[in-house]
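Visitor: Could you take me through some local features of this model? I would like to begin with a single residue and go on from there.

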Amino acid sequence: MNQRRSRRPAPRPPEGTPAPAELARMARSRLADAARVAHWADAALGPGRDAATADGKATLSETTAERAAADLGLTAAQIRADWDTARLAGLVEVHGDSARPGWRLRAWDRDDSAVLRGWVALFDAWSLAYPEPADHEPAAVAEVVSAMPQVLSFLQLSAGPVPVEQLLDLLQQRVTELRTERCEISYGPDPGAPAGAAPTTVPSAEPTPDLAPLLDWALHALASVGALTDGDGQATLTPLGSWAVWVKLEQICVAAQSPAGNIEQGAEDMLRGCAQLRPNAARAEYRAWLAARPVGSAVTELIDAARGEDALLRGLAFEALRVVGAPAEADVHAVVDEAALRPYALLWLAEHDGADPEDAHEVLTRQEATWLWVDTAAAVADHGEAPMLVRHLESAVQPTVPQLLDEVRAVGHPRTVQVLVALAAAHPDPALAKAVRRAAFQVHTGG
């Protein structure tokens, strides 16, 4: 007899964690200055208003910063700092040389979850919120950013002040582990080996950088976003910081319980593991996978997976990028000129700009829509069933099959022949199947 697996009960935050309404109050207080500048920009620079920039867009030019400073009784430097915080928290969204209010700003006074999401976005971007040390190698800074989740987890589990020296020891251990995982070894002769001996593999002699200044920078950056307090040689998570780290740990634990173990996989394997899941379950897996790694490297992995030959992974990668949201915008913009990714990127950007998903396809040209139709058909042919491929015909923008075949032949998708052959084999109408096979032959022979 089949038994229904019981649902995992909703996790409860650690004892002493403030209620969501209180956490939201703390987040509003922490982001009050950023919200004030964002509200000012919305009121002063919105469409139809007298903008302070030459192009009439809501960009933070020098003139705009000075105008905001005068209106709000602040310095231009304060305005710029608050503007940067508003961007990181999603209170404003910058698109090229223009900006607009984020959805979180619209919901600021009535939706506690929107406020908490905004603060968590700022928390996730802590390494951008405070200038990094200029006299350290970028690789060393990146190692510390990658290692800090373990440091924060230790702080959260400690539930109290922790000496900075203890955190430094933990950071050094984690950086060493990261280097070991990357197999940072050099190849060459062992200095102590006899003359003429074959080269051997020896550990890399690259010295571990002094991590104390980098830990000091990381703690100051996390303190600047309100995640912890740092003083008297000790660090302590704030209630907001403790709650955010607990949320991240819970996401990882939930993903670790999945049969595929997607949390530990690279982007391609994770996406394959999510291919058979329902949309909501897949999005939960994407969120947990993203929570376990720096957002920048995660976005890079997803876009690299989208560049592969598997069209199914291409579509799923952009679904995962929708979960990432605003932090992925620059990377998605950067691939708009890549033919294989362009339709997906344009749809992503349109939805990110507020277009209804049902209407987002209107941003595509006829040729781009046809290319996307072929790419989706390739995914169905590789991973779906014949009836799905037949039903896929109905989604084409062309009103007739002959017109679709003409435009499919012209679009130049590398999988055109395979898609047409699979469609011909699957379609129950002999006449239509014959026409599709003829088109596949013509594409194959260049006719």
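**Local geometry and helix packing**

Guide: A159 counts as exposed, with a relative accessibility of 69%. Please note that this is a predicted model.

Visitor: Where is A159 found?

Guide: A159 sits in the loop between α7 and β3 (162-163).

Visitor: And what is its phi, for A159?

Guide: Phi of A159 is near 55 degrees, a positive value in a residue other than glycine. Most residues other than glycine have a negative phi.

Visitor: What about D232, where is it found?

Guide: D232 lies in the loop between β6 (228-231) and β7 (234-237). Its phi is near 55 degrees, again positive in a residue other than glycine.

Visitor: Is D232 buried or exposed?

Guide: D232 is exposed, at a relative accessible area of 81%.

Visitor: Let us turn to helices. How do the axes of α7 and α8 cross?

Guide: The axes of helix α7 (residues 138-158) and helix α8 (residues 164-181) come within 9 Å and cross at roughly 130 degrees. The two helices are therefore oblique to each other, and the crossing of α7 and α8 is right-handed.

Visitor: Which residues in α7 and α8 meet?

Guide: From α7, the residues include V144, A147, Q150 and F154, and from α8 they include L167, L170, R174 and L178. By class, the contact of α7 with α8 has 11 nonpolar, three polar and three charged residues.

Visitor: R174, then: buried or exposed?

Guide: R174, in helix α8, counts as buried at 16% relative accessibility.

Visitor: What does the side chain of R174 contact?

Guide: A polar contact of 3.0 Å joins the side chains of R174 and E177. Leaving aside residues up to four places away in sequence, R174 touches A147, Q150 and E181.

Visitor: New topic: how many residues of α16 are buried?

Guide: Helix α16 (residues 342-352) is mostly covered, with nine of its 11 residues buried. Among them are Y344, L347, W348 and H352.

Visitor: What comes just after α16?

Guide: Just after α16, G354 takes a positive phi of about 105 degrees.

Visitor: Last one: where is T400?

Guide: T400 is in the loop between α18 (386-392) and α19 (401-411). T400 is partly exposed, with a relative accessible area of 39%.

Visitor: Which backbone nitrogen lies 3.2 Å from a polar atom of the T400 side chain?

Guide: That nitrogen belongs to Q403.

Conventions
Residues numbered from 1 in each chain as written. Predicted model: local features only at pLDDT ≥ 70, side-chain atom pairs only at ≥ 80, totals over all residues. Heavy atoms only, no water. Axes fitted to C-alpha atoms, helices over the stretch in contact; angles between N-to-C directions. Helix = DSSP H or I, 4+ residues; strand = E, 2+ residues; numbered from the N terminus. Parallel < 35°, antiparallel > 145°, perpendicular 65-115°, else oblique. Left-handed = near helix turned anticlockwise from the far one by under 90°. Contact = heavy atoms within 4.5 Å. Nonpolar A, V, L, I, M, F, W, Y, C, P; charged D, E, K, R; others polar. Buried < 20%, exposed > 50% of the residue type's maximum accessible area, 1.4 Å probe, protein only. Polar contact = N/O pair within 3.5 Å; in protein donor to acceptor, adjacent residues only side chain to side chain.
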